[in-house]
Amino acid sequence: MTEKKLSVTDHDRGSADLRYVYPVVSRRAGGVSVGINLNTNNACNWRCIYCQVPNLTRGAAPAVDMAVLENELRTFLDELLHGDFMESRVPADARRINDIALSGNGEPTSCAEFVQVIALIARVRREVALPEAVKTVLITNGSLLFRSEVQQGLRDMAKLNGEVWFKLDRASEAGMLLVNDTHTSISKVRNNLIAAIACCPTWLQTCWFALDGEPPSIQDEDDYLEFIGSLLREGHKPKGVLLYTLARPSLQAEAPRLSALSAEQLQAFAKRIATQGLPVKISP
Ligand code: SF4
């Protein structure tokens, strides 16, 4: 997943010269996010028209070399905690570790070793004595959360100050086909989201943008509000909504047709979401 997490400042995955682990330094968030990219083959089961993954292909993450991942994560966390990376590469006001984020060039939960990766993160966190306040974040399109092993991974993540960011850009089948280039049913999305909420604290992550100069329609807004309204009525409560617009150009063929919304447009939609009783954070 490449969304706002990587849109902030230094999002060059090669910047630490590692295969899986990459740092994202964010002055705005006031810290360093330790990214883990399991999709080293740039493969995702979706094709969002705003996706910023280069040479995106359809598919799943390749087999993970667990020894390499473990070594990279341990070495890099150790460097952040005890080396000079913070001093030499990070602005003074951002010299802390925000989170470990599973957020790569595709859908992280498509990785067959997902549960083992969470166990590895737990082990390394313990070994390097990472402060508990550091979150473990999963940025996901949510489409594979019906799998019991993925749910187990989420339950394990919850014990690591875990947080799921679940993509919901549109709440209609036609909207998801248009924006995410995926054929699905809203009841499947709903069930996947309910599973996420049951396993681990979950935020919705929503990208709102204009296509051919047209912002999302009132019908798009109504579909979204109806979706979260019915979820809340049945007692399934996400932590809130992370609402954002395009920060960097899409690398998909639709790129010239897309444009960002204004802060006012985002705020107007955020206000409508808030009427449902969910907190909304707008990301620049
Ligand atoms: S879910 Fe969408 S934005 Fe995320 S990696 Fe897949 S295609 Fe790209």
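Q: Before we start, what rules apply to the model and its numbering?
A: It is a predicted model, in which local features need pLDDT of at least 70 and side-chain atom pairs count only at pLDDT 80 or more, whereas totals for chains, interfaces and linings use all residues. Residues are numbered from 1 along each chain as its sequence is written, and side-chain values use heavy atoms, with hydrogens and water left out.

Q: OK, the sheet then: what is the strand order?
A: The order is β1-β2-β5-β6-β7-β8-β10-β12, an open sheet of 8 strands with mixed pairing; strands here are DSSP runs of E of at least two residues, helices are runs of H or I of at least four, and both are numbered from the N terminus. Two strands pair if DSSP finds at least two bridges between them.

Q: And which strands are at the edges?
A: Those are β1 (21-26) and β12 (280-283), each of which pairs on one side only. From one strand to the next the twist averages 25 degrees, with axes taken as lines fitted to C-alpha atoms (for helices over the stretch in contact) and angles running from 0 to 180 degrees between N-to-C directions.

Q: Is β1 enclosed or open, and why?
A: Strand β1 is largely enclosed by the rest of the structure, because 6 of its 6 residues are buried; buried means under 20% relative accessible area, exposed means over 50%, and partly exposed is in between, using a 1.4 Å probe and protein chains only. V21, P23 and V25 point one way from β1 while Y22, V24 and S26 point the other way, and all are buried.

Q: How does β1 pair with β2, parallel or antiparallel?
A: The pairing of β1 and β2 is antiparallel, over 6 bridges, and Y22 has G35 as its bridge partner in β2. By contrast, β5 (residues 97-102) and β6 (residues 135-140) pair in the parallel sense over 4 bridges, with I100 opposite T136 in β6.

Q: What lies across that end of the sheet, around β1, β2 and β5?
A: Helix α1 (residues 66-82) lies across β1, β2 (31-36) and β5, and runs at about 175 degrees to β2.

Q: What about R272 and E221?
A: Their closest N and O atoms are 2.9 Å apart, and this pair also links distant parts of the chain, R272 in helix α8 (residues 263-274) and E221 in helix α7, 51 residues apart. R272 is partly exposed at 30%, whereas E221 counts as buried at 13%.

Q: Switching topic: which residues touch the most others in the largest nonpolar core?
A: L77 and L154 do, in a core of 83 residues; such a core is a set of buried Ala, Val, Leu, Ile, Met, Phe, Trp, Tyr and Cys residues joined through side-chain atoms within 4.5 Å. Apart from it lies another core of 6 residues, among them V137, I139, W165 and L242.

Q: Last one: what is the phi of N42?
A: N42 has a positive phi of about 55 degrees although it is not a glycine. N42 sits in the loop between β2 and β3 (43-44), and counts as buried at 15% relative accessibility.

Terms used. Salt bridge = Lys/Arg side-chain N within 4 Å of Asp/Glu carboxyl O. Contact = heavy atoms within 4.5 Å.
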